[in-house]
Amino acid sequence: PELSADIKKNIVEGVVAIGMTEPEVIASWGVPESTEIFHSEYNSYKRWIYKNRPKVYWKDGKVNQLIQ
């Protein structure tokens, strides 16, 4: 699918935003140093770890949170 102008701008500027997909994040920040999947009582979560960048949390295949 064609990327929106906002997503293209984010990738060029090295920005990751809520709602981006995994391929879009990789295009912007590269492959993460590590990935984690962990479980709470009600949900499972995926988290990507980058050096000197916020942690990327995923839900339904899209960025859900960015936490320092």
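Biologist: How many salt bridges does a search of the whole structure find?

Modeller: This is a predicted model, where local features need pLDDT of at least 70, side-chain atom pairs count only at pLDDT 80 or more, and totals for chains, interfaces and linings use all residues. Residues are numbered from 1 along each chain as its sequence is written, and side-chain values use heavy atoms, leaving out hydrogens and water. A salt bridge here is a side-chain nitrogen of Lys or Arg within 4 Å of a carboxyl oxygen of Asp or Glu. Searching the whole structure with that rule gives four.

Biologist: Happy to hear it! Which parts does the pair Glu-22 and Lys-46 tie together?

Modeller: Their side chains meet in a salt bridge at 2.3 Å, N to O. The two residues are 24 apart in sequence, so the pair ties together helix 2 and strand 2; helices (H or I, at least four residues) and strands (E, at least two) are DSSP runs, numbered from the N terminus.

Biologist: And Arg-47, which forms a salt bridge with Glu-36: is Arg-47 buried or exposed?

Modeller: The closest N and O atoms of that pair are 2.2 Å apart. Buried means under 20% relative accessible area, exposed over 50% and partly exposed in between (1.4 Å probe, protein chains only). Glu-36, at 30%, is partly exposed, while Arg-47, at 18%, counts as buried.
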